[in-house]
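The following exercises are to be worked with the sequence and the structure at hand. Each task is followed by a solution in steps.

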Amino acid sequence: MLQFQNEVAQAQLANVQALVGLRQELGYESVPADYDVSGDFDYQPLKVNLEELQLKALQNRPDYRAAQQGVTAANSQYELQKVNGKPDLTVQGNYSHVNGINAANFCSSIPLPIFNRNQGEIARTRVAITQAQELQKATSDQVTTDIADAYEGLRASDQAVSLYRSGYLDISQKDRDIAEYAYKPGAGNLFDFLDAEHSYRATQLAYRQALAAYLTAVEQVREAVGVRNFP
């Protein structure tokens, strides 16, 4: 009983600390001091595959989209500097009508750069394109790695939960019920009943820990993909 009471006290403390930490992440002013969380703490299978997750992540991850836009911006700067390296043709025209005499003249001018054709900026923006492309590739690799890690974590957690749900929960429940049924009329001893009760509670606790790990893995997949509601 003492061990059980200590475990309950530790669980209550962990719950309070988790709520405090969550309130810090949300912002202390955004929720009241006595707030609580709600939702279904249950197993909901997530039917996804690795290729689908990777494709969706490349479409939605803000860091990868920013890297793509960086390549587009670098290409635009390169084209702009190439245009700036070409001389501009200037055309002027005048027309006058004085004392019945019409006069018109036109002139044009174009600079002839010999040494300065904006080579420096053109070279710099060309290098910037390469840098942006390398950043895009690195970001793509990071997205792929994040998805693979999250997916494998989800698979492992799903397998652990499935093992408990495949029969271990029912077995521990039946063992406890049988021991209790035998103990009440005096056919069983107290130690057998307490051992079955302890095994049942340990199995239930381990299952809930596995379920919590699975739900966390689901959220990590959503984070890696870059969307909140997925699938």
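**Exercise 1.** Determine whether Arg155 is buried, partly exposed or exposed, and identify the residue with which its side chain forms a salt bridge.

*Solution.* Step 1: apply the accessibility classes, in which buried means under 20% relative accessible area, exposed over 50%, and partly exposed in between (1.4 Å probe, protein chains only). Arg155 has 40% relative accessibility and therefore counts as partly exposed.

Step 1: apply the salt-bridge rule, a side-chain nitrogen of Lys or Arg within 4 Å of a carboxyl oxygen of Asp or Glu. The partner of Arg155 is Glu152, with an N to O distance of 3.7 Å. Glu152 is likewise partly exposed, with a relative accessible area of 41%.

Step 2: relate the pair to the helix. Helices are DSSP runs (H or I, at least four residues), numbered from the N terminus. Glu152 and Arg155 are three residues apart in helix H4, so about one helical turn separates them. An α-helix has 3.6 residues a turn, so residues three or four places apart point the same way.

The model is a predicted one, in which local features need pLDDT of at least 70 and side-chain atom pairs count only at pLDDT 80 or more, whereas totals for chains, interfaces and linings use all residues. Residues are numbered from 1 along each chain as its sequence is written, and side-chain values use heavy atoms, with hydrogens and water left out.

**Exercise 2.** Describe the largest nonpolar core and the surroundings of Ile147.

*Solution.* Step 1: a nonpolar core is a set of buried Ala, Val, Leu, Ile, Met, Phe, Trp, Tyr and Cys residues joined through side-chain atoms within 4.5 Å. The largest has 23 residues, and Leu53, Ile147, Leu154 and Tyr214 have the most contacts inside it.

Step 1: helices H2 (50-60), H4 (119-183) and H5 (190-225) each give two or more residues to this core. H5 supplies the largest share, nine residues.

Step 2: with contact taken as heavy atoms within 4.5 Å, Ile147 touches Leu50, Leu53, Gln54, Ala57, Ala224 and Val225, not counting residues up to four places away in sequence. A second, separate core of six residues includes Ala74, Tyr78, Ile129 and Ala132.

**Exercise 3.** Is Ser172 buried or exposed, and which residues does Ser172 contact beyond its neighbours within four places in sequence?

*Solution.* Step 1: Ser172 lies in helix H4 and counts as buried, at 8% relative accessibility.

Step 1: leaving aside those neighbours, Ser172 is in contact with Tyr200 and Thr203.

Step 2: for Pro32, which is 140 residues away along the chain, the C-alpha separation from Ser172 is 40 Å.
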